[in-house]
Amino acid sequence: HWSHVPAAPPDSILGIASLYRNDPEKKKLNLSVGAYRDDNGNPAVLRVVRKVEQEPAPDHEYIPMAGIPSFCQAAVQLILGEKAQSIKEKRVVTVQSLSGTGALRVGAEFLCQFYRPAATTEKPCVYIPRPSWGNHRKVFQSAGLKVSEYKYFDPVSCDVDAKGLLDDLTNIPSQSIIVLHACAHNPTGADPSKQLWKQILQVVIQKQHLVFFDSAYQGFASGDLEKDAFAVRMFEQSGIEMLIAQSFAKNMGLYGERVGALSFVCKDSSVVASVQSQLETIIRSMYSSPPANGARIASRILNNPVLFEEWKQELLEMSGRIQEMRKLLFEALVSRKTPGDWSHITKQIGMFSFTGLNVEQVRYLREKYHIYMTEDGRASMAGLSRETVPLFADGIHDAVLQ
Ligand code: LMR
């Protein structure tokens, strides 16, 4: 039956992770997928998560299609802030999702079915930054949406291309769907300044674009939950409608538990029941209802002030360790007199460094040093440790001299 089926190209991120797994070399180093490691290079379970896990699940019944209500409520309060006007006015819909990817996908299905920009009769188009997370395009395309890009990164300054970005958002059709990374842009680690966020918001309002925020790193990027929610909250305060995808993979270390939320901030509470019912219909046909375990853990942490404080402490530890790795890597390259300006390594924020290495250099590192990073030159800083920084710096030094 399947002889005509062509092999799919490997995933740009998870494909590299699987090459790593198949490498028999003992001293290999995985800097491909964004997953936090402790200073011994081991996967880390948060202490607060372990604590909550001591109490077994009350049962293994199905949870509602929209997920656990106490989780959904706490998740949206976390991103919008407890005093958010839209929450007070009961014009927000939140459903639990299979982490950030699932939130994006369910949101995309909804947009494909129901988003009808008045300005055009064409299928709605989603604009993602260039570059963006390797899976964004596929998630939106699979749901049937057209995908295009807006300028985001300037490789010369290693920073956000503010002019290019604002020009593109101004010149694309009105009422387009715009994906914005809430903080710690993946893969570049370069975020808009507060001033630039304000300008982006002005263009969004002027052009009536529909914003879809992807928030995968709240609290994990800077160690501060409020700071990492700045852009989303500013947009919410302006009164516009928007969608938000939240992931608890990184900030709670619940990667494989698939814990996330999708929120619709609506203009009016009168649409809430219909939006919620259609989201439930989409969820039911895709996977019926979400898994319970991870959301139960997250809900307990988010809803208990003592556990919440413990979690905040661990966020500081994780983000602090990543910042330390950035500093050590930068110093190691400077001390080796590796050609090039490496200051972007410490300027960028979040899990990744967009090193500037080209695809040949990335492959060289993989083949000679068994160091795995994505072919766009992105390296997970969270995968480094004090012990492996010198090895990575040696590899980069060698690769740029080739
Ligand atoms: C990444 O960008 O490496 C992570 O978000 C993991 C993933 O699913 O790609």
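Predicted model: local features only at pLDDT ≥ 70, side-chain atom pairs only at ≥ 80, totals over all residues.

How do the residues of the shell around the ligand divide into nonpolar, polar and charged? They divide into three nonpolar, three polar and no charged, where Ala, Val, Leu, Ile, Met, Phe, Trp, Tyr, Cys and Pro count as nonpolar, Asp, Glu, Lys and Arg as charged, and the others, Gly among them, as polar. The residues around the ligand are Ile13, Val33, Gly34, Trp133, Asn135 and Asn186, a residue being counted if its C-beta atom, placed from the backbone, lies within 6 Å of the molecule.

Residues are numbered from 1 along each chain as its sequence is written.

Asn186, which belongs to the ligand shell, is also joined to Pro187 by a cis peptide bond, with omega about 20°. Pro187 is found in the loop between strand S7 (177-181) and helix H8 (194-207); helices (H or I, at least four residues) and strands (E, at least two) are DSSP runs, numbered from the N terminus. A cis peptide bond also joins Arg130 and Pro131, here with omega about 0°, and Pro131 lies in the loop between strand S3 (125-130) and helix H6 (136-142).

Most residues other than glycine have a negative phi, and most peptide bonds are trans. With that in mind, consider Lys90, whose phi is near 55° and which lies in the loop between helix H4 (85-88) and strand S2 (92-98). Arg258 likewise has a positive phi of about 55° although it is not a glycine, and Arg258 is placed in the loop between strand S9 (242-247) and strand S10 (259-265).

Are these residues buried or exposed? Lys90 is exposed because 11 other C-beta atoms lie within 10 Å, whereas Arg258, with 21 such atoms within 10 Å, is buried. The cut-offs are 20 or more other C-beta atoms within 10 Å for buried, 12 or fewer for exposed, and partly exposed in between, with C-beta atoms placed from the backbone.

Let me now turn to the helix packing. Helix H3 (residues 69-80) and helix H11 (residues 293-303) pack at an angle of about 55°, with their axes 9 Å apart, the axes being lines fitted to C-alpha atoms, for helices over the stretch in contact, and the angles running from 0 to 180 degrees between N-to-C directions. That makes H3 oblique to H11, because angles under 35 degrees count as roughly parallel, over 145 as roughly antiparallel, 65 to 115 as roughly perpendicular and the rest as oblique. Ser70, Phe71, Ala74, Ala75 and Leu78 in H3 meet Ala295, Ala298, Ser299, Leu302 and Asn303 in H11, contact meaning that the C-beta atoms, placed from the backbone, lie within 7 Å. By class, this contact of H3 with H11 has seven nonpolar, three polar and no charged residues.

Helix H12 (residues 305-335) and helix H15 (residues 389-401) pack at an angle of about 45°, with their axes 9 Å apart, and that makes H12 oblique to H15. The residues of the contact of H12 with H15 divide into ten nonpolar, one polar and no charged.

Definitions and conventions: Contact = placed C-beta atoms within 7 Å.
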